[in-house]
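Dear colleague,

Here is the structure I said I would pass on. My notes on it follow below the display.

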Amino acid sequence: SMAFDASIRRLFPFVHAKEGIAYLDSAASTQMPETAIDAMHHAARAGLGNPHRGIHPLGDEATALYDSAKKTVADFLNATPDNIVFTKNTTEALNLAARSLGESWSEGDVVAVTRLEHHSNILPWQQLSTRGVEVRWIGITPDGLLDEKDVANALRDERVKLLAVTGQSNVLGVRPDVKMLVAKAKSIGALTCVDAAQLAGHAHIDVKDIGCDLLALSGHKTYGPTGIGALYGTKEILSTMPPFLTGGGMVREVHDDGFIPFEDATRFEAGTPPLLPAIGWAAALQWQTAIPWSDREAHERELVNLLLDELRSIDGVTILGPGDDRAYGCVSFTVDGAHPHDIGHLLGESGVCVRAGHHCAGPLHAALGVTASVRASIGLYTDANDIRALAPAIRKAQSVLRR
Ligand code: PMP
């Protein structure tokens, strides 16, 4: 995939700006292609009003760009714009889901959560304990796959209101069989909320095929900017959920003693929305759809395999998770006798950017029997040279720490 590497890579300005650096932290944030940066730049220079608020040319332009961005995000997921709520990020989308749904839940109700989850798909559900809502955990096998007995046990009765599950782990890169889990949850009358923060940057998502009720993603992990994310919801679910944030732009009527929110998904978009990030994200998504998913998948598979081979060549490195083609987009590992923070810091000094710590997945690390790990992750622009910079930098770190 040499051609793929070079032709994609040169469309990302950061490659030149950060020459000599191996950026292996795309699971935290991806970089933006020039076309997405330019889209925001041009929109800002052209002059914009406030979307859905100004009855003048600049307001109309803003509204058109905002609506068109939402259509692009909807298309990306095989949804329609009225299924999409723009949020600040995945975390806000999941908090919206939990707070809003939770309003009608009470003592005895259950949310099933997996041990693969990022804190953002755990804490908002745990917070519903103030209403008496209980969290039921689905454990994992040493390979980081969901424990089938736990799945059956967690989804055993109709007390379960919702299953919260990640589409792709941000630590192990594993992908739970979300479609099967959604079907199981449905069979007991439970809703499903998919955290697609990682999945959306690495796989084609079709919400209709998955069949989930809710799904969250972030702009900054799908080659767009920070400051925007989205919650997808079916029309049935969104139309029954009360607003999470209230204020301007979400309300039909306001009276002295209360208000009537809009019927559609804009009911969840209080305040001026993230217009420039929406424009940038849409441009990034549109640019991506020109690259066949099969090419992306082949490229990423090659890189993850190389990453696994390189890590296996180092004494004292333990790979977490399956360590084979069940891992997508990232590989996490530990280094004997070294704290992940020390490794991360020393790798940074060698120009290799990785994540070190618990990666906001404390319960997962606890289940794996480690307090923290080092994570190397890839993006569309990653090439074999980036990956090959890792092993020498780890060996150097090991020798520094042994001194
Ligand atoms: N879920 C997963 C699986 C993630 O990897 C992340 C980001 N690390 C999040 C949720 C939270 O995303 P954000 O910080 O954009 O809200």
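I start with the ligand. Its surroundings consist of Asn-89, Thr-90, Thr-91, His-118, Ser-120, Asn-170, Asp-195, Ala-197, Gln-198, Ser-218, His-220 and Lys-221. By class, this shell has nine polar residues, two charged ones and one nonpolar one. Please keep in mind that the model is predicted.

In Asp-195, an N or O atom of the side chain is 2.5 Å from a nitrogen atom of the ligand. Gln-198 places a polar side-chain atom 2.7 Å from a ligand oxygen atom, and for Lys-221 the distance from a polar side-chain atom to a ligand nitrogen atom is 2.9 Å. The ligand exposes 400 Å² when taken alone, and 90% of that is buried by the protein.

Next, the seven-stranded sheet. It is open, with mixed pairing, and its strand order is S2-S8-S7-S6-S5-S3-S4. Strand S2 (84–87) and strand S4 (134–138) are the edge strands, each pairing on one side only. On average, neighbouring strands are turned by 20° against each other, direction ignored. Within this sheet, strand S3 (residues 110–114) runs parallel to strand S5 (residues 160–166), and four bridges join the two. One of the bridge pairs is Val-111 with Leu-162 in S5.

Helix H5 (residues 90–102) packs on that sheet and touches S2, S5, strand S6 (191–195), strand S7 (214–218) and strand S8 (229–233). The direction of H5 makes about 155° with that of S7.

There is also a hairpin, formed by S9 and S10 with two residues between them. Strand S9 (residues 251–255) and strand S10 (residues 258–261) are antiparallel and pair over four bridges; Val-254 has Phe-259 of S10 as its bridge partner.

Last, a four-stranded open sheet has antiparallel pairing and the order S11-S12-S15-S14. Strand S11 (317–319) and strand S14 (355–357) are at its edges with a single partner strand each, so one side of each has no neighbour in the sheet. The twist from one strand to the next averages 30°. Strand S12 (residues 330–335) and strand S15 (residues 373–377) run antiparallel and are joined by four bridges, with Arg-375 in S15 as the bridge partner of Ser-332. Helix H13 (residues 340–349) lies across S12, S14 and S15, at about 160° to S14.

Regards

How values were computed. Residues numbered from 1 in each chain as written. Predicted model: local features only at pLDDT ≥ 70, side-chain atom pairs only at ≥ 80, totals over all residues. Heavy atoms only, no water. Pairing = 2+ DSSP bridges. Axes fitted to C-alpha atoms, helices over the stretch in contact; angles between N-to-C directions. Contact = heavy atoms within 4.5 Å. Near = heavy atom within 4 Å. Polar contact = N/O pair within 3.5 Å; in protein donor to acceptor, adjacent residues only side chain to side chain. Areas by Shrake-Rupley, 256 points an atom, 1.4 Å probe, with all protein chains shown as cover. Nonpolar A, V, L, I, M, F, W, Y, C, P; charged D, E, K, R; others polar.
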